[in-house]
Amino acid sequence: MRETALRNAAATRAGRRLGVIGGLAAVLALTLLGALLVGAYPISLADALAAFARRLSGAPAQGQIETVLFDVRLPRVLAAALGGAALAAAGAAYQTLFRNPLVSPDILGVSTGAGLGAVLGIFLSLPVAGIQLIAFAAGLATVGLVYGIASVVHGREPILVLVLAGVVVGSLAGAAISLLKILADPYDQLPAITFWLLGSLAATRGAEVWAALPLVLLGLVPLVALRWRINVLSLGDEEARALGVEAGRLRLAVIGAATLMTASVVAISGVIGWVGLVIPHIARMAVGPSFDRLLPTAMLLGASYLLLVDTLARTMARIEVPLGILTAMIGAPFFLWLLAKGREGWS
Amino acid sequence: MLEARGLGFGYGARAVGRDVDLEVRPREVLCLLGPNGSGKTTLFKTMLGLLPAQAGEVRLDGDPLASLPRSAIAQRVAYVPQAHSAQFPFSVVDMVVMGRTAHLGPFASPSETDRRKAAAALATLGIDGLAETEYTRISGGQRQLALIARALAQEAPAIVMDEPTASLDFGNQVLVLAEIRRLAVSGLAIVLSTHDPDHAFSVASRVALLDAGRLLAQGAPREVLTPERLQAVYGVSVAIERLTGGQTVCVPDYGTDRA
């Protein structure tokens with residue numbers, strides 16, 4: 001009797017969670033479609049469907065609609081969805097790993113490091129691809145440096161040492177960015193630097209999305225494969241080890257995966273804050289803290305969210321609003337509301 | 001089963017205790033008594049391989065602990081930490097299922113069988129009604145029971161419990177001690193620490209008295225826990241009385257000041 005009731009309750013919960021994930025997938029599909037249609041050059045649904053049909057059947061393109069749809073809007077829309085999903089996944093992984101719901105993917109300095117790389121690239125007047133490559137490499141190198149420092153400094157609290165090393169290296173990179181800004185050409189380079197540091201998808205091309213996608217997927221593989229152990233790791237090192245998990249090695253794998261995802265996205269979009277912090281939070285409120293459900297929910301939610309924000313960024317004003325400004329303006333009040341509402345979903 | 005030989009333990013360079021020889025076999029309850037700060041938790045963490053031994057060694061079924069991978073250790077000895085609060089609101093049953101981790105492959109998630117074992121462990125401790133409640137919303141005593149359930153779900157032949165009765169009400173203390181006794185009868189080897197000599201008298205087959213990181217005495221409860229020793233370790237005078245039912249109790253003398 002009791003066991004059946006228990007199983008029914010569990011089944012209802014599982015059903016509700018599946019419903020949440022299915023619903024979010026539908027929302028993402030609709031947002032994707034909507035984002036493709038709206039903009040400075042509006043496209044009707046019928047025209048868009050016809051254009052897709054022509055492209056799939058290999059018929060010749062018929063002018064401007066195709067150009068706008070496939071060369072400008074589709075790469076940008078896909079980049080926004082990919083970036084939102086990757087940042088939210090990395091944020092969910094880091095929050096679980098560091099046992100702290102206030103942690104974002106750049107806690108170990110990946111964004112600041114990538115920022116420094118990009119600023120250096122702009123300063124040296126490198127081509128766009130060069131800037132992206134150096135941003136990606138600098139993001140990875142920064143986290144590698146932070147992890148290296150933390151492994152050399154043996155403390156009783158490995159996680160605390162990691163976070164502190166991240167703060168120190170991050171502020172060093174921040175100082176280097178400021179120095180480069182002062183040295184940069186104020187009419188040509190400085191606006192580009194500022195724009196990059198606030199994040200934008202305005203110049204995203206298809207090739208960049210195709211370069212980032214496999215790296216994001218590569219980072220996603222360990223997170224999916226190790227989803228159960230990541231849960232156990234959220235109990236803390238000591239308990240996780242007592243339960244049979246090699247905590248140090250697992251942490252390295254998760255940090256590597258999340259860093260790869262974040263760095264590949266930041267390299268093409270610039271620094272976009274708040275997504276990796278707020279979205280995993282909301283996902284946790286919807287489906288609970290278990291990482292196997294948290295990960296897909298956060299990714300779907302993050303993809304829809306950044307897509308929506310990016311669509312706003314290019315339609316709400318006559319000039320393009322940098323993404324970082326919008327995500328902060330939406331994210332910060334929302335986060336305060338979460339705080340005021342009580343700590344539901346995290347403790 | 002689980003044995004420590006000439007064990008020195010501590011954090012980093014700081015030594016907390018040394019020269020500890022302990023052993024627990026199947027069907028045995030070894031009870032570790034000692035005042036606050038005597039090193040009980042540090043000793044346990046070293047015996048579980050969570051801290052490296054500073055001297056001597058710990059063996060599990062004859063194998064040096066240091067040579068075993070974490071999953072092999074967790075399959076043979078389970079750990080019940082002092083009740084704590086979790087960072088994230090996992091359901092109680094999720095928390096208990098985590099005890100199955102050592103039996104899962106690195107990329108696997110718990111199966112239906114694992115969930116059934118977790119549910120059975122919850123039922124054993126009488127908290128199956130809390131299965132779907134969030135671990136962060138239950139009381140300290142209920143958390144302690146859930147952590148014991150997790151150790152049961154781990155199905156290790158030995159369990160190390162750090163003050164399992166510390167945050168429990170009177171009824172749950174009795175429930176947990178009775179469960180500990182039943183587990184030992186069913187063949188498990190159990191090591192626990194406690195602050196209450198009465199608990200040692202009621203469940204322990206052997207008692208070890210730890211003071212300032214050194215073992216003062218080890219053996220049958222009535223031989224180890226003498227009024228003189230308890231007074232020396234805790235600084236309060238006590239009487240040890242045998243009740244007509246055969247039970248032994250420790251009665252403190254509330255009239256005396258600390259020596």
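What distance separates the centres of domain 1 of chain B and domain 2 of chain B, taken over C-alpha atoms? The two centres lie 28 Å apart. The model is a predicted one, in which local features need pLDDT of at least 70 and side-chain atom pairs count only at pLDDT 80 or more, while totals for chains, interfaces and linings use all residues. Residues are numbered from 1 along each chain as its sequence is written, and chains are lettered from A and ligands numbered from 1 in the order in which they are written.

Domain 1 of chain B covers 27–50 + 73–212 and domain 2 covers 226–259, bounds that come from an automatic or database domain assignment. Six residues from domain 1 and eight residues from domain 2 of chain B form the contact, two residues being in contact if their C-beta atoms, placed from the backbone, lie within 7 Å. On the domain 1 side, helix 7 (197–203) and strand 9 (206–211) of chain B each give two or more residues; helices (H or I, at least four residues) and strands (E, at least two) are DSSP runs, numbered from the N terminus.

Strand 3 (residues 29–33) of chain B is largely enclosed by the rest of the structure, because five of its five residues are buried. A residue is buried if 20 or more other C-beta atoms, placed from the backbone, lie within 10 Å of its own. Strand 3 of chain B pairs in the parallel sense with strand 8 (residues 189–194) of chain B over five bridges, pairing requiring at least two DSSP bridges. In strand 8 of chain B, B:Val191 stands opposite B:Leu30. Strand 9 of chain B also runs parallel to strand 3 of chain B, joined by four bridges.

Definitions and conventions:
A residue is buried if 20 or more other C-beta atoms lie within 10 Å of its own, exposed if 12 or fewer, and partly exposed in between; C-beta atoms are placed from the backbone.
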